[in-house]
Amino acid sequence: MSGNRERTTGAQETRAGKFGAYGGQYVPEVLMPAVEELADAYERYVLDNEDGFVDDFRSRIEEFGGRPTPLSHAENLSERYGFDVYLKREDLLHGGAHKLNNALGQVLLAKYMGKERIVAETGAGQHGTATAMACAYLDMPCEIYMGRTDVNRQRPNVFRMRIHDAEVNPVDVGAGTLKEAINETMRDWATNVEDTHYVIGSVVGPHPFPAMVRDFQSVISEELREQSRERLGRLPEAVLACAGGGSNTMGAFSAFAGSAELPGAPEGTHEPAPDVDLVAVEAGGSSLGVDAEEGYAPNSASLSTGTEGVLHGARTKLLQTEEGQIVESHSVSAGLDYAGVGPELAALVDEGRVTPVNVDDDAALEAFHRLSREEGIIPALESSHAVAYLEEYDGDGPVVVNVSGRGDKDLDTVIEESAARDIDGAPTMEVFEE
Amino acid sequence: MTRSEVRAAFEDGPALVSYVAAGDPSAEATKEYVEALVEGGSDVIELGLPFSEPVAEGTTIQNAIKRALDAGMTPDAYLDLVRELDAEVPVVCMTYYNLIYQYGSEPGPEEFVEAAAEAGISGFVVPDLPVDESGPMYEACREHGLDLVFIVAPTTTPERLERMLDRTTGFVYVQGRLGTTGARDEVSDDTPEALERLRDADVPKAVGFGISSGEQAREVVASGADGVIVGSAYVDIIADGVENDQPTGAVADDLEALAAELKAGARKGLPEPERK
């Protein structure tokens, strides 16, 4: 193990769980002992590799998950933009998204901790699917909460969870998206805290979740650095990743920002690399800004437009009214549709290390079709936001886009939304309909 | 009200702490309900300031909060309501940290605590602010003479309990069971054990989460509690009133009757010679 686990940028204090002004543990007292127990387990098993936990994780994420994922040169996009575009192919990870890195890590950790039951929330369903898959693989009972709106727009993923024998509970309150699913999962956890582990799906929530999820996801940027050296002979000029809660973002950025690393990381894969631009692409939705009166933001751009507050266990940047009520967010992509963001990402933005940008729903849909048509890769609508930003990117490359997941789960939404919006370059199904 | 009055409310035998969400279903109704609860024998009013993400609440109070938010309840309207309350008992503000943190011109708890003190609030219960993160809030409460009440859960470890008791004034909120708020039919088996752990603490102990009847109040006090905290059982009455379009006065009468039942039950829980 290289001895630089504690080396961090100013924003990242892994063991204390504070990232500059952000982070912390703002949860009901009933959960605090579980959160402390988890923080202790995180330090021992994840940071210190007690009982060979990280070795076990690394071997399983290769054997079961199919890592490493390739870094693919996107020839046609490179030609289109005049600089080299590479794609980090998390869509090729087992289950079709980066989510398995974290889900497998946490379910395995719950096993090591002697927990007997898993609960999780899911937005787009990718995290739920990954958790259900990891639970089936590791033989753990699993219950997933999902907002009703998301159940309706992500039906294939709901069925995938059920195939793996997970119970799926639709949540009917509010807008029925990720925020409501998290609230409900926290309630379940508070009731069953003694034998249950809550697998949070992103770099959000109380410490140690933001640091721990980042560490499990950091395999993305570890590989990305090694592969860049081998393929490009250098580090990329920029890494683009979409940001909802921020788990694929932190996974793709952490090794370049010098964040703490998993034991056993290849030498030199977590040196800070200030010459690599880290661009977090948020969901601009249909427009930026918050309608405080309606309690609604037609976007999910909390890094670009949010303000500091406390939600779901952490202090971070949020979409909220001036009074502090959390507003409903919007994105055409269920996986980005969340009013908060990971506290470390918020701190990295404040520090100027990460640049937040956003693209709107239409641009994301166009990018979805562009990548499908020109490179033969169907990206998740989440990832399509990162791909879309290539249209605006102003540099010489090479640029790596983290394709966080595949888009099969989004086809119903894409068919419907592309037709409704008259998206450039989108095929239609109309010719087949009587 | 001064800080001693929350504690003082426990001095005349077992105290009844009654919760309603401010603005459910309107600020005017809340005023009447609070008066009725006091009339029925409540010694402390726990007045909820509605937050959009009430993760510590069960369905009953979650729905109440939604009704209140839909009716336009805001932190400023809440403070107005407190100013207009004609309550002879201390009022404790129960809310989530983000609302406290956002209030005023600078992020942080100071401005809301100050405004709350001026409006007549005597203390705070903030379920998502564990003792570990409570430093600035605790300081602000001390400065303005307000109590900060911590919730002790069945899962709370002895080390955490000690840290909490260091910062507790007013009373200790003993969470009677795992999970979220909500009326239940039986007192949890965890309750006597939770109270036993607090036996030597020099602060009144009130048990909440799940209490809905006089008989349950009796049981809890017989187990050694200095008071009972009731919320969802009242909110069920209010919800029923909304659903059946009942006049505010009729709902207030039902609330008063339940408060009286709970108070009488709590008194019965005392050993014979201590009953007043």
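Student: Where is B:Pro25 placed in chain B?

Tutor: B:Pro25 lies in the loop between strand S1 (15–21) and helix H2 (27–39) of chain B. Helices (H or I, at least four residues) and strands (E, at least two) are DSSP runs, numbered from the N terminus. This is a predicted model, in which local features need pLDDT of at least 70 and side-chain atom pairs count only at pLDDT 80 or more, while totals for chains, interfaces and linings use all residues. Residues are numbered from 1 along each chain as its sequence is written, chains are lettered from A in the order in which they are written, and side-chain values use heavy atoms, without hydrogens and water.

Student: What makes the peptide bond from B:Asp24 to B:Pro25 cis?

Tutor: Its omega is near -5 degrees. The bond from A:Gly397 to A:Pro398 is likewise cis, with omega near -5 degrees. Most peptide bonds are trans.

Student: Why is B:Thr180 called buried?

Tutor: The term requires under 20% relative accessible area, whereas exposed requires over 50% and partly exposed lies in between (1.4 Å probe, protein chains only). B:Thr180 has 10%, so it is buried. Its contacts (heavy atoms within 4.5 Å) include A:Arg187, A:Thr191 and B:Phe209, not counting residues up to four places away in sequence.

Student: Why is A:Asp165 called exposed?

Tutor: A:Asp165 has a relative accessible area of 68%, and therefore counts as exposed. Its phi is near 75 degrees, a positive value in a residue other than glycine. A:Asp165 is found in the loop between helix H7 (155–163) and strand S7 (167–171) of chain A.

Student: How do you know that A:Glu29 and B:Arg160 form a salt bridge?

Tutor: The rule asks for a side-chain nitrogen of Lys or Arg within 4 Å of a carboxyl oxygen of Asp or Glu. For A:Glu29 and B:Arg160 the N to O distance is 2.9 Å, and the pair meets the rule. Across the interface of chain A and chain B, five salt bridges are found.

Student: How much area do chain A and chain B bury between them?

Tutor: The value is about 2,900 Å², with 51% of it on carbon and sulfur atoms. Buried area is the accessible area (1.4 Å probe) that two parts lose on being put together, summed over both. A:Glu29, A:Arg187 and A:Gln325 supply 24% of the area that chain A buries against chain B, more than any other three residues. The contact takes 34 residues from chain A and 35 residues from chain B.
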